[in-house]
Amino acid sequence: MPRIIPAGKALQAWEVKAFDTVYQAATDGFIAAHAYAGATANGISVLTDSANPPTVQRIRSHLAAGYVAGVCCPVKKNEYWKAGLSGGAEDKAVYFIPLS
């Protein structure tokens, strides 16, 4: 069975990030994001590639009012990434967890 985390690598401390902001990954890592749709529906999308700003959507989630959704997406070292949020959200968070 293949390893999820390569030998000699470890997850580092969680980094709090912001939605709709472009970041460049200094290391390989993962994006984790969640949102609660209060009175209106919303969605989360993650774009990542070598372009700034990134243009390739890797994952997305849509949720109806009153529900919570979350996504997790790997990011390669030196690639740009952005977690986007559409619609309203009463509780939301996005994190990057480096792998080094």
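Predicted model: local features only at pLDDT ≥ 70, side-chain atom pairs only at ≥ 80, totals over all residues.
Residues are numbered from 1 along each chain as its sequence is written, and side-chain values rest on heavy atoms, with hydrogens and water left out.

Secondary structure was assigned from DSSP runs numbered from the N terminus, a helix (H or I) needing at least four residues and a strand (E) at least two; two strands are taken as paired if DSSP finds at least two bridges between them. Strands of a sheet pair through backbone hydrogen bonds, in either the parallel or the antiparallel sense.

Strand 2 pairs with strand 7 in the antiparallel sense over two bridges, and glutamine 24 lies opposite tyrosine 80 in strand 7. Strand 4 and strand 7, which run antiparallel, are joined by eight bridges; in strand 7, serine 86 is the bridge partner of glycine 43.

Asparagine 42 belongs to strand 4 (residues 42-49) and is buried, with a relative accessible area of 1%; here buried denotes under 20% relative accessible area, exposed over 50%, and partly exposed the range in between, computed with a 1.4 Å probe on protein chains only. When residues up to four places away in sequence are not counted, the contacts of asparagine 42 (heavy atoms within 4.5 Å) include Ala35, Tyr36, Ser61, His62, Leu85 and Gly88. Glycine 88 itself is located in the loop between strand 7 (80-87) and strand 8 and, at 30% relative accessibility, counts as partly exposed. With the exclusion of residues up to four places away in sequence, glycine 88 touches Tyr36, Ala37, Thr40, Ala41 and Asn42. The C-alpha atoms of glycine 88 and asparagine 52, which are 36 residues apart along the chain, are separated by 26 Å.

Most residues other than glycine have a negative phi, and most peptide bonds are trans. The peptide bond from asparagine 52 to proline 53, however, is cis, with omega near 5°, and proline 53 is placed in the loop between strand 4 and strand 5 (57-63). Aspartate 20, in the loop between strand 1 and strand 2 (23-24), has a positive phi, near 60°. Asparagine 78, in the loop between strand 6 and strand 7, likewise has a positive phi, near 75°; asparagine 78 is partly exposed, with a relative accessible area of 46%.

The structure holds zero disulfides, a disulfide being defined as a pair of cysteine sulfur atoms within 2.5 Å. The sulfur of cysteine 73 is 7.4 Å from the closest cysteine sulfur, that of cysteine 72, and this is too far for a bond. Cysteine 73 is buried, with a relative accessible area of 4%.

Cysteine 73 also lines the largest pocket, which has a volume of about 200 Å³. On a 1 Å grid over the protein atoms alone, a pocket is an open set of points with protein on both sides within 12 Å along at least five of seven lines, whereas a cavity is a set of points where a 1.4 Å probe fits but cannot get out; lining residues have an atom within 4 Å of a point. Grid points are joined across faces, edges and corners, and the volume is the space filled by probe spheres set on the points. The lining of the largest pocket also includes Asp28, Phe30, Arg58, Lys76 and Glu79, and the elements that give two or more residues to this lining are strand 3 and strand 6.
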